[in-house]
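Work through the exercises below with the sequence and the 3D structure open. Each task is followed by a solution in steps.

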Amino acid sequence: MFDFALTHAWLIPLLPALAFLIIGLGTRRDKDASAKIAITFSGLSFLLALGVLGAVITRPIVMADPFVMKTLWAKVGDIELSMGVLVDPLTAMMLFVVTTVALLVQIYSVGYMAHDPGAGRFFAFLSLFAASMLGLVLSVNFMQMYAFWELVGLCSYLLIGFYYYKDSAREAAKKAFITTRIGDFGMLLGILLVQLTFGTMDFVELKTLLPTYIWETGGGILTIIALLLFIGPIGKSGQFPLHVWLPDAMEGPTPVSALIHAATMVVAGVYLVGRAYFLFSALPVVLEVIAWVGGFTAFFAATIAVTQRPFKRILAYSTISQLGYMMLALGVGSLTASMFHLMTHAFFKALLFLCAGAVIEAMHEEADIFKMGGLRERMPVTFRCMAIGVLAIAGVPPLAGFFSKDAILAAAAEVSLPLYLLATATAFLTAFYMARLLFVAFFGEVKPDCPAQETNAWMRWPLVILAALSVVSGAWGHFAGFGEWIFYGPVGEEHIDWLIAGTSVALTAVAFYLAYEIYVMKRWSAYEISRRLGVLYRLSYNKYYVDEFYTVIRNTFVDKLGAVLYWFDLHVVDGVVNGLARFTGGLSGVLGLAENGQVQRYVAVFYCGVIALTAYSLLIAAMLLAVVGGAF
Amino acid sequence: MDFPLLSTVLLAPLAAALAICLLPRESRDQIRMIAAGTMTLATVLTLYAYAAYDTVEGGMQFTEEVPWITDLGVTYALGVDGISLPMLLLTDVIGLASVFSSWNIEKRTKDFFVLLMVLIAGVTGTFIARDLFIFLLCYEVVVIPIYIMVLIWGSTKRVPKEYAGIKLTIFLLMGSAFMLVGVVSLYIAAGGDSFGMEALAAAGQSGVLDENFQIFAFLLLLLGFGSLLSMFPFHSWSPDGYAGAPSAVSMIHAGVLKKIGGYGLIRLGLLVLPLGAKFWAPLIAALAMVNVLYAAYIAMVQKDLKYIIGYSSVSHMGYVLLGFAALNAVSITGAIANMVAHGIMASLFFSQIGYIYERTHLRSVPELAGLAHHLPRLTVGFMLAGLASVGLPGLIEFVPEFTIFVGTLSVYPVCAFLAIAGIIFTALYILRMLAKVLFGPRVERFAGVPDEQGADLVPLLLLGVFLVGFGLFPELLMGVIRSGVTPLEPLLAQLSAAPAMLGGGF
Amino acid sequence: MMDPFSLTFMDVFRFATHIGLAHFLLLAAVLFAIGLFGLLTRRGLIPALMCVELMLNAVNLNLVAFNRYLPMPDLSGQLMALFSIAVGAAEVAVGVALAFRVYRDRATVNLDDLDHLKG
Amino acid sequence: MNDLLSLVHSLVNGGMDMAVEMGAPDLILAGIFYALAGVAVLSAVGVVLCRNVVHSALLLTASFIGTGCLYIYLDADFMGAVQFLVYGGAVAILIVMALMLTRRDDMDHSNPSRGLFHQVGAAVVAGGFLLTMGLAALLSPFREAPASPGDSAAGLADLMLTKYVLPFEVAAILLLIAMIGAIILAKGADEA
């Protein structure tokens, strides 16, 4: 049965794609039918993913020897572009995570979208997204990955802009697509260079070709290629400086935020680096760049999250920060830690977002956390799930985040002290802002006109399942030997460095305490603190003005330049054309004197021509005679 | 092959034009039915040819030959190979779609469809002719209907339609004048006994035409085909022309007619004048790069939908030129595929714009908003075309673009790099346009606009099927094109071995 | 071939008295030129037509003269002139009818007033 | 009467003989040529310059007749006859008729000419034409052959019905068409 799943792994992305087609062409007007179809196909694909996982464990399939099936998609010249499936433990883990979260989110959406007339469309897009993401995970080569990479970008665009009648959603969708497109540009260049350098884009073949290549020619060009490739993940995984789209992406319906912009799509970048880790890990310079980009992003986003007020935006910056963590882990050489955190983060971040969705729906679209309060009593189940999520992301043992974050900190500590300190500081900030979120929204007094009620069962059960996963996945991964399963290079040793773990737990505790004092006990005024911090606060609150910077860039280099070029086109290029036309017109005016409509003028001109021709032929004849001499 | 399939495809629209001529002015229904029926027949036959074409065998198939003007060596010779077959398919599919796009024409319906049929026949002829004389003849047949159609059924926006029409026509004629000189000098230089393309190509590749002549003649052809393909700086007719033309003409023009330029460059430029092509290739690459970026930038500040798509098509033609200039099998495959891809999506765009314009008489982006509320089908059409033009996988443009990039990056690294950067700008202007026109708050003035249905829906369905079909199964397209490009490989290998002559290494 | 600088009076006299092809060609040229001058200067449509007839005659004269003086096996030249006369006659008939028509439509046969061809 | 005829005949014959004896038949032929050419040219000049268009028409006839005589001089008797009949007769009458139909006012100034500027321009064009054509005529080295004796009418008839039968028929059709066309033009299609 596991073998059946393995050999039919290509069905995993195709099933949701089929659901998309059926809904899109048939049932999109029928909400219930659409939901049923989407969930059924996702469920099937989840079962198959479980089967694949089972096959990987039982067979066993190891990282060094993946299972590959592929088929020719297009052939151009002598380059074969193929599509297929590549299954190794990494893939299996991703399949499991993606199908699980996707299934749960779809179930949740039944409740969440119950009153939206566009729900059919919503389920179609969700299915398409699941298909694209699963196709990306199963990629056998860079081309396939790029193709599905673009498709998940499309789904993200469609889903962020799902409320297309809202200007903000429309703009956010556009921004997301274009920002990630900049990353894709770099990635595309990298992929093309891979093809040109190695003559193939296939992961397995590249893996075998690479060592010889480096041995023979060194890493110069490869470094450029890898850096170009890395631009893609910077865009997709919201790393600095292309992170700007991710917070805005929260304009989409909340389940989308949970599925795409927290749990799955944004980790595509991390996954790409992990999938091509044989390439990146061979190039120390690139690794260092990745580590610093990741570390900086993690800290940078955390400092912004501390001051934000909308519920989902805090979570969005938290996502950016956690993605930075994953990148950092990759940069310091630990594929295991990164992928481990990817998995746990997917569960608890999806949980947090779904809770956010529940809360915001209960609050009738009110997103500002300072307008909530006391929700603990109104929404007990949501509160408990939320609390579990917060504790998990803050790294409180024995929840999931503790194990994965600890693995990253340990890996960073081995490589570089500054990076470790940065990561630890981020951990502290993370605990603080998550505690702030929890305390402000769920503790304290219930606001007088608060409409919040507990959510319905469709939305509640996915929360509970995700909460359970957030609790156990870390410990399960840790004790079941995640590191022996997904790794690159030598197998990482599974142990907990108690010094590092102790430090981070202690810092977390301090952060929780501080948040409690400020936001629950009100011992210190948050307002006072922000006023004291002055510039720092404003920078953080305004997200370091990155968006404004980009707006200026765009206005100057895109719109103004476009206007200048248009002027050039109208007045120079077209000017020449019209000038030529005017010149011709003028010339025809002069020549037109010969043709004023009077027959006699025509006759005169005609005979002038006759005379000229005769004179010319006489001349020729005379010259001929001169040459021939007295032949006549 | 006993049944004269290609002749039927070529002459059916002419026969339809004749039949429509004989009908009274008032019988609009019969006129439209004849046009639609004829184009359906042609499309079905072409699809049959496409399916029956033997890609393993390759070469010219479905050939027909009848000596015509024996003194000049003119033969009525038709045939399709892997390069022209996709173009023929494109012509008939877009032709059929354009008939339905013009379904609601009220003004002088009869004249319109007569001209449209003649136009389609002319374009068909250029692609299936194996004789240069027939090629030129068909090309000239195309020009006049376009002019008349712009004048009578066109629309005046930024520039008067008379200006747009005459500009378009003059550029086309100028191109054909250069072409004519090039072709005649070619004919004479090759011995002056045949206009057959195979014979000329054999002469060109066997060294009968010396290098200087090739360089000179290629320049003439480049000026001709280049202005047809809206190569910078000969592009300014294209946005103005599309803006002035009725939507069927825009569709055929952007979708197919422009492609005659690229097709001619490959069929004549490369095959007959390989050394000339090699000489001018770096210049073409540089201009192509300008095309891509320059037009994309300008598209960004346009207000009129047709201008946006007009400049967008100039930009996309840059990719075709770039693929041609790299002169290797991969890039040329990409160039041909890109012509097909762009044809489908540009005509889809124009048909959708035509629908909006027909119903609202608006085409300016700031005046349109929130159409998705009232016109979901139109929205699907716009999104499909827009996303295809952004190069999304699963739609027709992805593989061709990717192929061109793979083929050109090693030959012209800088040009290719900048041209690839064009994908960002393309995304920018296309998404801006889509966002503004389709999305946003509900606008009540568009509430009464009916969505596409019946005949109006046909272009969307027809072109959409190809857009998605060739996108999901690119081998359907690439396989046929490959069979056309494979025979060129020895020639291309020979060329790439020779040193670049003009600058080189842009 | 005559060298214009070594012509003596006798040469000229001999040329003037020995009528040959050249004389007829010159005569035809003179007639033609007169007709042309008339065609360019007359204002009326019918006088212009008359001048055209003069020019046609000059041409016919040429044809006949060629037939007479050049080595010809048959009378093709004369026949050409005959056809030319036929065509010329047809032309006169149509031309006069046209003039009549123009006169009826526009009440003038003045060529100055007939400039419809003007773009 | 007979005597008178024979006298003239002998006079002419005698004159001819005398002239031949004097070694000057060329001179006489030249005189005839110049006389006929003078008639043709001077009448042509008159056609162009006369102020009265009726005079022009009459002089045109004279010029035609002069040309017809020159045809006879060139051994083209039949051509001369045709010239007299067609041009000297039919065309002249046609033109006079047309003049009568399109003229109402004073005949004395019925053939107006253009201004001096136009006249000079026309003179330049015509002069240039005469110059180039004259030069061409004088400078061209024609190889002249002696006249071939023969019946011109018979020869033409022979050619017309054998070698040139198709152009002959075409010319006939052309004349027919011209006739119908002229009638329709003159009468107007709606009336006809």
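The structure is a predicted model.

**Exercise 1. The fold of chain B**

Task: Find what share of the contacts in chain B with a separation of 6 or more comes from residues 24 or more positions apart, and state whether the radius of gyration of chain B agrees with that of a compact globule.

Solution. 
Step 1. In chain B, residues 24 or more positions apart account for 81% of the contacts with a separation of 6 or more.
Step 2. The elements of chain B are 19 helices and two strands.
Step 3. The C-alpha trace of chain B spans about 70 × 55 × 40 Å along its principal axes.
Step 4. A compact globule of 506 residues would have a radius of gyration near 23 Å, and the 21 Å of chain B agrees with this.
Step 5. Of the 506 residues of chain B, 63% count as buried.

**Exercise 2. The fold of chain C**

Task: List the elements of chain C from the N terminus on, then examine how far α3(C) reaches and how many of its residues are buried.

Solution. 
Step 1. Chain C has four helices and zero strands, in the order α-α-α-α from the N terminus on.
Step 2. Buried residues are 50% of the 119 residues in chain C.
Step 3. Of the contacts in chain C between residues at least 6 apart in sequence, 51% join residues at least 24 apart.
Step 4. From its first C-alpha to its last, the 25-residue α3(C) reaches 37 Å, close to the 36 Å expected at 1.5 Å a residue.
Step 5. In α3(C), 23 of the 25 residues are buried, and the helix is mostly covered.

**Exercise 3. Which chains touch**

Solution. 
Step 1. Between chains D and A, nine residues of chain D are in contact with nine residues of chain A. The side of chain D here has six nonpolar, three polar and no charged residues.
Step 2. Chains B and C do not touch, and their nearest C-alpha atoms are 17 Å apart. Chains B and D also have no contact; their closest C-alpha atoms lie 25 Å apart.

**Exercise 4. A helix pair in chain A**

Task: Describe how α20(A) and α23(A) pack, giving the angle, the distance between axes and the handedness of the crossing.

Solution. 
Step 1. Two packed helices are described by the angle between their axes and the distance between the axes.
Step 2. Helix α20 (residues 417-442) of chain A packs against helix α23 (residues 498-520) of chain A at about 35°, with the axes 8 Å apart.
Step 3. The crossing of α20(A) and α23(A) is right-handed.
Step 4. Residues of α20(A) that meet α23(A) include A:Thr424, A:Phe428, A:Phe432 and A:Arg436. Among those on the α23(A) side are A:Leu507, A:Ala511, A:Phe512 and A:Tyr519.
Step 5. The contact of α20(A) with α23(A) divides into 15 nonpolar, four polar and one charged residue.

**Exercise 5. Backbone exceptions**

Task: Locate two cis peptide bonds and two residues other than glycine with a positive phi, and decide whether each of these two residues is buried or partly exposed.

Solution. 
Step 1. Most residues other than glycine have a negative phi, and most peptide bonds are trans.
Step 2. A:Arg59 and A:Pro60 are joined by a cis peptide bond with omega about -20°. A:Pro60 lies in the loop between α3 (31-58) and β1 (67-76) of chain A.
Step 3. The bond from B:Phe232 to B:Pro233 is also cis, with omega near 0°. B:Pro233 is in the loop between α8 (211-228) and α9 (237-244) of chain B.
Step 4. B:Phe62 has phi near 55° and lies in strand β1 (residues 61-69) of chain B. A residue is buried if 20 or more other C-beta atoms lie within 10 Å of its own. B:Phe62 has 23 within 10 Å, so B:Phe62 is buried.
Step 5. D:Asp75 has phi near 65° and sits in the loop between α3 (53-73) and α4 (77-102) of chain D. With 18 C-beta neighbours inside 10 Å, D:Asp75 counts as partly exposed.

Notes
Residues are numbered from 1 along each chain as its sequence is written. Chains are lettered from A and ligands numbered from 1 in the order in which they are written. This is a predicted model: local features need pLDDT of at least 70, side-chain atom pairs count only at pLDDT 80 or more; totals for chains, interfaces and linings use all residues. Two residues are in contact if their C-beta atoms, placed from the backbone, lie within 7 Å. Ala, Val, Leu, Ile, Met, Phe, Trp, Tyr, Cys and Pro count as nonpolar, Asp, Glu, Lys and Arg as charged, and the others, Gly among them, as polar. The radius of gyration is taken over C-alpha atoms; the globule rule is 2.2 Å times the number of residues to the power 0.38. A residue is buried if 20 or more other C-beta atoms lie within 10 Å of its own, exposed if 12 or fewer, and partly exposed in between; C-beta atoms are placed from the backbone. Axes are lines fitted to C-alpha atoms, for helices over the stretch in contact, and angles run from 0 to 180 degrees between N-to-C directions. A crossing is left-handed if the near helix is turned anticlockwise from the far one by less than a right angle, and right-handed if clockwise. The expected span of a helix is 1.5 Å times one less than its number of residues.
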